[in-house]
Each structure stands twice: as structure tokens, then as C-alpha cells.
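Me: I am new to this structure. Please take one part and walk me through it closely, in short sentences.

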Amino acid sequence: MNAFQLKNGQLHAEQVPLNQLAEEFSTPCYVYSRQALETAYRDFQQGFAGVDHLVCFAVKANPSLGVLSVFAKLGAGFDIVSGGELARVLAAGGDASKVVFSGVGKTADEMRAALTAGIFCFNVESAAELERLNEVAGSMGKIAPVSLRVNPNVDAKTHPYISTGLKNNKFGVAYEQSLALYQQAAAMPNIDVHGVDCHIGSQLTELSPFLDAFDRVLALVDQLEAAGIAIRHIDAGGGIGICYNEETPPDFAAYAAAMLKKLGDRKVKLVFEPGRALVGNAGALLTRVEYLKHTEAKNFAIVDAAMNDLMRPALYDAYHQIAEVSPDATPKEIYEIVGPVCESGDFLGHDRELGLKQGDLLAILSAGAYGMSMSSNYNTRPRAAEVMVDGASYQLIRKRESISELFALENVVKD
Ligand code: LLP
């Protein structure tokens, strides 16, 4: 669903005009649509109806307690990559027994926290991690449920920074070595070999890399069965892209149908780790034009959001649509939309045709994934407020940071 639409000449989030939210909570401000989150989650699940499956929202895409609690209430699982994310999931009411723990660098403390909470599975990414997990679990008198994250050496055809399934990436266990490592894992006293895991990258806009990777995973599952190692779940990772501009990512139904066809009659639970596809288009970043500046080469609209609030354009040259919140008859010009941070890389959009006046509000769309979660305090800028809209109502789910909070943990040097 498109939660951000013009109604009576004003851009709304569901039934709430964005200018009302800007008045009440000021800018920059992230706005999320609860209906869009719920619809995306349900649509994703729909394709797997009748099949044993678990959808684990990838917390890194948007770790806000408000967002996590919406998914927790729907019964979602969660994909975490740190002890901090585990704590957030539990604080948001998430069920530990539906948590998968990914990531190449799990510390012993993080393993202990996850074993204490009783998570569903560790996605182990190396032989050394497997050994550490076996030791930590043994010291606690527990058995750790494990999948190995295998690296299928498949090109996800996405931005190199967010492609993870190729041989030269730091992620996962090389496909060719995985059978031998599974055999070692099966012999470890405190490890319960439970599944096979794979995640090849993010913002994938084609089905074929998913299917190629899944083929390789299924071949491994069959080899493991033949070697006497029974696999109870397959975690196909996340990565389904969204439309930022003109991309045509696979729809959930097509993805599910193609994966189920490949699965055939194998009796395993399917686990998925979608992040962006569940939250990306459910969020927008609301910002106000501080100044217009016309130079010989360019027109700049200097807005009050910056690369510290939404890093994706600066980091990946990512495109986000930028919409006027209250479109009027102001003549349109081509603008660079830039923030106040002291770097030339601080832009939110290039060459946008907009009719702007000082004080106008803009909505940077498709900002629900990897927006707030990658924000920082660079230039000592407090991070934005976050608001959850639900129909005609809304609530503040994160207060804007105050300046004193930014250095509350710091000390001046004593004489
Ligand atoms: N599972 C694992 C193991 C992951 O590493 C990721 C994302 C996901 C699931 C979720 O992927 P998604 O469904 O959201 O594509 N900051 C970048 C994206 C980094 C993705 C990292 N891993 C961006 O803004 O595009």
C-alpha cells in the first residue's frame, strides 16, 4: 500500500496531514505508517500460508521499539546482529524463541545473552565462531541451536556495499567447505545442528539470484541428509528490494511461489529475514526548507535534515523520491536538496524539480529502512523524532534528542 498520498492538496501519512506532524513534533522527523508495516508483513506471509514458516524482521533495517512492537504484536520473529538488538526485541515484546542471530563477529557475552533468552537459532558464520559457541554453551550447560550461513557465491546484482553472497565477501562459510564444517558441528557436544542459512545481499530487484542461491542451499540440504545430518529449517535470508524510483522488485507472491516450487516436498520449516521490504516504503523523513540559494551553477534547497539523518544518498548514492508536502503554484526549478552538514557529500537528492519557498516542508520518501537506524550525531546534530501514524491517530515513538543528551556521557579533562 502507498501510505503517503496527497489528499485535499496536502501530503498525508494515512489520514494525518504531514504538516500537522511537523507543527507538533518539529523537523526533521521520521513518520511511519502502521498500516503499511502491517500490510507488508501480512503480504509477505500470505505466499507461505499453509507452509511451516517464520518471518524474522531484520532489526537493523529499523530498530525503533515502536516499529518492533508493531511486528511483535503480529507474532513476527526477528533477525538480530548484536546483543543490543536482542535487548531491543525483548523490550519491544518480541518472542525470543522466534529470534535468529546473524553476524560475523558475535562476542561470548552476546552468545550468553542469546542462550539465556532462548533464541531460535544462531546463524554461525565461521569455524572459529562455531568453536566459541560450543564452549560458551557448554559452560552454561546449554545446547546451542545452529545453522551455518553458507556463502553460495551468487551475484546478487546489487550495490557492491550491500552484496554479501560472493566469494570475496566476509560473510558466511564457503559453500565448498560447508559439508565438512557441518560434520564437525554435528560432533560437537553443545551444538544442535538445526538448519542451513544463506543471505546474499540487499535491495535485490530480480528473482534469479534468490533462486540460484536457494538451489545451492537445497543441494547442500540433500547432501547433509545423505550424510545423516537432518536439517529442520532453511533460512533464506532477506534482501527483497523495494521501489525507490523505477525499480521493479519481485513481488512477494512471485517470490514465495518460486521458492516453494523449488522446495518441493522437503519437510523443513522456512525462515526469512526481510528488512527493507517490510519497512522501507512505510516511512518518510519530514524536513523543512531553511534557505534557498541560487548560484551560477546550481539552485540549492538547504533543508534541516542532513546526511546524519539519512545517510543512504551520501553513502550509496541512493535515490529517494522527494515530495512537496503542500504543493502550490510556486514555479518549479531544478534543485540540489542538501543538508547543513559541512561536507559536499551531504545531499539528499540531486536535480529535483520542485516549487519551493523558504519554510516549505518536504517528505523524503522510502526512508523507513536504514534511515533512522544508520543516523548519527555528526556535527553534533540531535537525532530526529519518530512518529507512528495509525489511521487518523498518531503517537511519538521517539523523542527528538536534546543537545545536553548528546554529551551527557562525556567529561571534560580534569586539571
Ligand atoms: N539478513 C542478514 C544476514 C542481513 O545482513 C541483512 C541486511 C538482512 C537480513 C536484511 O536485508 P534486507 O531485507 O533489508 O535487504 N544499509 C544498506 C543495507 C544493508 C543491508 C545489510 N544486511 C542500505 O541502506 O541499503
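Reply: Helix H5 has buried residues, and their cover includes helix H4 (83-91), strand S7 (99-101), strand S8 (121-124), helix H6 and strand S9 (144-151). Helices here are DSSP runs of H or I with at least four residues, strands are runs of E with at least two, and both are numbered from the N terminus. Cover is judged by contact: two residues touch if their C-beta atoms, placed from the backbone, lie within 7 Å.

A word on the source. This is a predicted model, in which local features need pLDDT of at least 70 and side-chain atom pairs count only at pLDDT 80 or more, while totals for chains, interfaces and linings use all residues. Residues are numbered from 1 along each chain as its sequence is written.

Which residues of H5 are buried? They are Glu110, Met111, Ala113, Ala114 and Leu115. Buried means that 20 or more other C-beta atoms lie within 10 Å of the residue's own; 12 or fewer means exposed, and anything in between is partly exposed.

Now take H6 as a partner. Two packed helices are described by the angle between their axes and the distance between the axes. H5 covers residues 108-117 and H6 covers residues 127-139; their axes come within 10 Å and cross at roughly 55°. That makes H5 oblique to H6. Angles under 35 degrees count as roughly parallel, over 145 as roughly antiparallel, 65 to 115 as roughly perpendicular, and the rest as oblique. Each axis is a line fitted to C-alpha atoms over the stretch in contact, and angles run from 0 to 180 degrees between N-to-C directions.

The crossing of H5 past H6 is right-handed.

Who meets whom? From H5 come Ala108, Met111, Arg112 and Leu115; from H6 come Arg132, Leu133, Val136 and Ala137. By class, this contact holds six nonpolar residues, two charged ones and no polar ones. Ala, Val, Leu, Ile, Met, Phe, Trp, Tyr, Cys and Pro count as nonpolar, Asp, Glu, Lys and Arg as charged, and the others, Gly among them, as polar. Met111 and Leu115 are buried, and both take part in the contact with H6.

Last, the end of the helix. Gly118 follows H5, and its phi is positive, near 85°.

How values were computed: Left-handed = near helix turned anticlockwise from the far one by under 90°.
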